[in-house]
Amino acid sequence: MPIQPHLNHLIAALHRRRWPAAVASGALLALAFPSHPDHPLAWLFAPLWGHLALVPLLCTLKGRGFKGGFANGWVAGAVWNLLCLYWVAHTQGGGPAVVAGTALMAAYLGLFPGLCSGLLAALGARWGHRALWLAPALWTGQEYLLSLGELGFPWLLLGHGQAAWPRLIQHASWTGVFGVSFWVVGLNVLIYLALATQRPRLLAPIALCYALPLLHAQFAIAAQPAQHIRVGLIQPNITLEQKWGPRGLENSFAALEHLSRQAAADEPALLVWPETALPCNLARRADCRDRAFALVEELGTPLLTGASDYNLALNEPYNAAFFLTPGTVAMPAYAKMHLVPFGERTPYRDDIPLLRDIDWTQLTGDLGPAEFARGTRRTIFDHPDAPFAVLICFESIFPDLVRRHVAAGARILVNITNDSWFGRSAGPYQHALINAMRAVENRTAVARAATSGVTLFIDPYGRQRQATELFVPAAAVSDVALMRETTFYTRYGDLFAQGCLALSLAALIPLYRQVS
């Protein structure tokens with residue numbers, strides 16, 4: 001039975017039914033990112049969906065101007081973000097305010113793919129199918145914009161979903177995650193053109209798009225280096241009530257000490273406790289500090305722990321990490337530099353005085369930001385075996401922030417986080433996977449300690465091991481590879497993404513001239 005008439009009919013149907021097609025693209029994009037393993041359709045989620053998810057959206061853009069293209073792209077983006085980031089609504093107990101906030105966030109994030117598809121539709125009206133060759137650059141440019149500023153939230157970059165297949169993403173060591181997104185959109189364009197123009201010869205470049213990354217990985221992934229550091233990761237699985245309620249400090253220490261002694265049997269050179277593992281201001285509370293140092297001396301092992309610190313000048317707390325070593329009372333610290341917007345700090349409150357006067361708790365109940373102080377100093381902790389840097393919670397989603405840590409001398413990356421807010425959802429699995437992309441970009445291993453999971457190790461090529469289950473106490477110990485090479489991306493940053501943004505802006509000049 002000839003298949004081409006059926007394909008023509010499908011493409012024509014997608015062109016006519018623009019909204020269902022846009023929704024379909026959003027749903028397929030969501031399938032390209034991890035789900036919780038217990039999801040009834042968990043078997044269906046796979047990075048491969050990302051390679052064709054934009055095809056229905058591309059079918060809707062023919063004959064549309066900017067407004068029509070923007071609307072279709074916004075619908076696809078909003079559906080995608082809502083289906084993937086539903087777990088945000090679980091935080092703070094999932095009250096009406098946070099559920100509404102999650103919907104608003106999806107609507108806001110949908111503006112970025114909307115902008116891309118709107119510009120692509122406008123260029124298509126002028127240049128026809130030739131405009132599609134600009135789609136990878138346009139998409140990459142909007143992703144780069146999404147990563148900037150205090151409202152930046154590059155969680156669902158297309159490339160992040162591909163980190164589950166390490167052999168297809170090794171070129172991120174040159175281009176960063178944005179080059180992987182560029183590649184994914186390029187595949188979508190080739191598949192769409194192969195269907196829409198009935199050109200079987202386009203199958204050859206599609207095959208080449210898979211062959212080249214695989215060939216590069218064959219040379220890029222080498223044997224593990226001889227030099228390692230042995231790291232122990234502690235997952236205490238302490239609930240909010242146990243940590244911050246009565247006897248919270250005692251509950252926390254009891255769980256952390258027990259698991260740390262268990263891990264010490266495997267002789268780690270570094271122990272890692274998760275974000276805010278100790279519910280105290282470690283620098284200012286002597287009993288908390290003395291007990292932590294007592295354990296360090298007992299085990300003879302350096303310890304990194306999350307805890308609170310304080311900025312006296314601003315009268316604001318820090319979300320911080322402290323490094324304790326045997327035989328000294330020195331306690332170098334790192335304060336989180338990129339805070340969660342509306343969760344840890346109101347965006348732009350330092351620049352817009354009006355925002356400082358808003359009482360968010362009156363509007364949203366207990367959803368108001370904690371108003372942490374922003375860290376301003378990059379800290380590389382001086383471990384005798386390997387200097388390392390800390391990524392606190394969602395700092396790991398920002399490629400440039402992470403690569404600057406490595407460029408400053410970090411030989412391993414330690415991600416400490418508390419993802420228990422997200423419950424048994426896709427959130428912890430998505431967050432863990434993003435760290436794999438940071439490892440590939442910088443050829444730097446990641447050791448990740450989470451309060452309730454996912455705790456795991458990631459090698460410099462993005463391969464994961466010893467991943468824990470959610471909401472179980474765990475102690476994981478492993479050798480972490482120390483690489484000597486510095487990647488192009490670590491040295492030069494987002495040149496590729498910036499080039500795509502510049503190309504996109506240049507391509508818009510004819511549209512500007514047409515309007516003027």
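**Close-up 1. Helices H4 and H5 are oblique to each other.** In this predicted model, the axes of H4 (residues 66–84) and H5 (residues 96–109) come within 7 Å and cross at roughly 140 degrees. Oblique is what remains once angles under 35 degrees count as roughly parallel, over 145 as roughly antiparallel and 65 to 115 as roughly perpendicular. Axes are lines fitted to C-alpha atoms, for helices over the stretch in contact, and angles run from 0 to 180 degrees between N-to-C directions. Helices are DSSP runs of H or I with at least four residues, strands are runs of E with at least two, and numbering starts at the N terminus.

Residues are numbered from 1 along each chain as its sequence is written. Local features need pLDDT of at least 70, side-chain atom pairs count only at pLDDT 80 or more, totals for chains, interfaces and linings use all residues, and side-chain values use heavy atoms, with hydrogens and water left out.

**Close-up 2. H4 meets H5 through named residues on each helix.** From H4 come Trp 74, Ala 78, Asn 81 and Leu 82. From H5 come Thr 102, Ala 103, Ala 106, Ala 107 and Leu 109. Contact means heavy atoms within 4.5 Å. By class, the contact has seven nonpolar, two polar and no charged residues. Here Ala, Val, Leu, Ile, Met, Phe, Trp, Tyr, Cys and Pro count as nonpolar, Asp, Glu, Lys and Arg as charged, and the others, Gly among them, as polar.

**Close-up 3. Strand S7 is mostly covered.** S7 spans residues 412–417, and six of its six residues are buried (under 20% relative accessible area; exposed is over 50%, partly exposed in between; 1.4 Å probe, protein chains only). Ile 412, Val 414 and Ile 416 point one way. Leu 413, Asn 415 and Thr 417 point the other way. In a regular strand, side chains alternate between the two faces of the sheet.

**Close-up 4. Strands S6 and S7 run parallel.** Five bridges join S6 (residues 388–392) to S7. Strands pair if DSSP finds at least two bridges between them. Phe 388 has Ile 412 as its bridge partner in S7.

**Close-up 5. Arg 247 has a positive phi, near 60 degrees.** Arg 247 is not a glycine. Its loop lies between H12 (240–244) and H13 (248–264). Arg 247 counts as exposed, at 59% relative accessibility.

**Close-up 6. Glu 267 has a positive phi of about 55 degrees.** Glu 267 sits in the loop between H13 and strand S2 (270–272). Its relative accessible area is 65%, so Glu 267 is exposed.

**Close-up 7. The peptide bond from Gly 453 to Val 454 is cis.** Omega is near 5 degrees. Val 454 is in the loop between S8 (446–450) and S9 (456–458).
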